[in-house]
Amino acid sequence: MNQKERMLAGLPYRAGQDGLPQEQLENKRKIYEYNLCRPDEIGRARALLKDILGVCGNNVTLLAPFRCDYGKNIEIADDVFINYNCVILDVARVVIGRGTLFGPNVCICTAGHPVHPLSRRSGYEYGAPVTIGRDVWLGANVVITPGVTVGYGSVIGAGSVVTKDVPPNVIAVGNPCRVLRKITDADRDFYFKDKKFDVIDY
């Protein structure tokens, strides 16, 4: 196995070998162009995003600036909205489900390093995949760490650091992030805390 194959297999690998720096550099060029698109260059931005990502669904909004390592390890489904300053370290696969929303400054890290300082000094690192389910809402400044899955429909509160899997249909908050409560049908009539919808088409 070369170092890229080891990286994608979740094994210890060295990021400075076997063409990985060149792939990152090529992606940085594309990201640079994407982040410099004028607001009215919708077609150009869309074409660049499709070229950057491994999968880019329909009706995806990803507000610049955006940063990622390789791009091709990221899969974004339809109807996803990602706010400003998103960072995705995609040395492993990142899957973002349909209808998911990201607040500003969300960081998804699939990349990690050994805990022991001598092991870190060796230059080996690793990646573990991250999956964000359908209809998830990640609040502003949420950090997702390697190997985490966030289940369908869940809400992660602003500023949370998610170090373990989050089940479907819950509100989870904090550092480390913990489940606060389940989301139930009783929540449907409210748009914010105790404020009820004053419209009928929600």
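# Sheets, rings and pockets

Me: In β12, which residue is the bridge partner of Arg-14?

Reply: Strands are DSSP runs of E with at least two residues, and helices are runs of H or I with at least four, both numbered from the N terminus. Strand β1 (residues 13–14) runs antiparallel to β12, joined to it by 2 bridges, and two strands pair if DSSP finds at least two bridges between them. Within β12, Arg-14 has as its bridge partner Tyr-124.

Me: This is a predicted model, in which local features need pLDDT of at least 70 and side-chain atom pairs count only at pLDDT 80 or more, while totals for chains, interfaces and linings use all residues. Residues are numbered from 1 along each chain as its sequence is written, and side-chain values use heavy atoms, leaving out hydrogens and water. Which residue of β12 does Gly-112 stand opposite?

Reply: Strand β11 (residues 111–112) pairs with β12 in the antiparallel sense, over 2 bridges. In that strand, the residue opposite Gly-112 is Tyr-126.

Me: What is the order of the open sheet of 3 strands?

Reply: Strands of a sheet pair through backbone hydrogen bonds, either parallel or antiparallel. In this open sheet of 3 strands the pairing is antiparallel, and the order is β1-β12-β11.

Me: Which strands stand at the edges, each with a single partner strand?

Reply: The order of this sheet of 3 strands is β1-β12-β11. One side is left without a neighbour in the sheet because there is a single partner strand for each of the edge strands, β1 and β11.

Me: Along strand β12, which residues point to one face and are buried?

Reply: Buried means under 20% relative accessible area, exposed over 50%, and partly exposed in between, with a 1.4 Å probe and protein chains only. Side chains alternate along β12 (residues 124–127).

Me: What is the strand order of the open sheet of 5 strands, and which are its edge strands?

Reply: This sheet has parallel pairing, with the order β2-β5-β8-β13-β16. The strands that pair on one side only are β2 (55–56) and β16 (149–150).

Me: How many aromatic pairs are found in the whole structure, and which residues do ring pairs link into a cluster?

Reply: Rings of Phe, Tyr and Trp (its six-membered ring) pair if their centres lie within 6.5 Å; planes under 30 degrees apart count as stacked, over 60 as edge-to-face and the rest as tilted. The whole structure has 2 aromatic pairs: the Tyr-191 and Phe-197 rings are tilted because their planes are at 55°, with centres 5.8 Å apart. Phe-197 and Tyr-202 are stacked, 4.1 Å centre to centre and 5° between the planes. The cluster linked by ring pairs holds Tyr-191, Phe-197 and Tyr-202.

Me: Is Asn-83 buried or exposed?

Reply: Asn-83 lies in the loop between β6 (81–82) and β7 (86–89). Leaving aside neighbours within four places in sequence, Asn-83 is in contact (heavy atoms within 4.5 Å) with Leu-63, Phe-102, Gly-103 and Pro-104. Its relative accessibility is 16%, so Asn-83 counts as buried.

Me: Which element gives the most to the lining of the largest pocket?

Reply: On a 1 Å grid over the protein atoms alone, a cavity is a set of points where a 1.4 Å probe fits but cannot get out, and a pocket is an open set with protein on both sides within 12 Å along at least five of seven lines; lining residues have an atom within 4 Å of a point. The largest pocket holds about 820 Å³, a volume being the space filled by probe spheres set on grid points joined across faces, edges and corners. Its lining has 23 residues, with Trp-137, Val-155, Ile-171, Phe-190 and Tyr-191 nearest the centre. With 3 residues, the element giving the most is β21.
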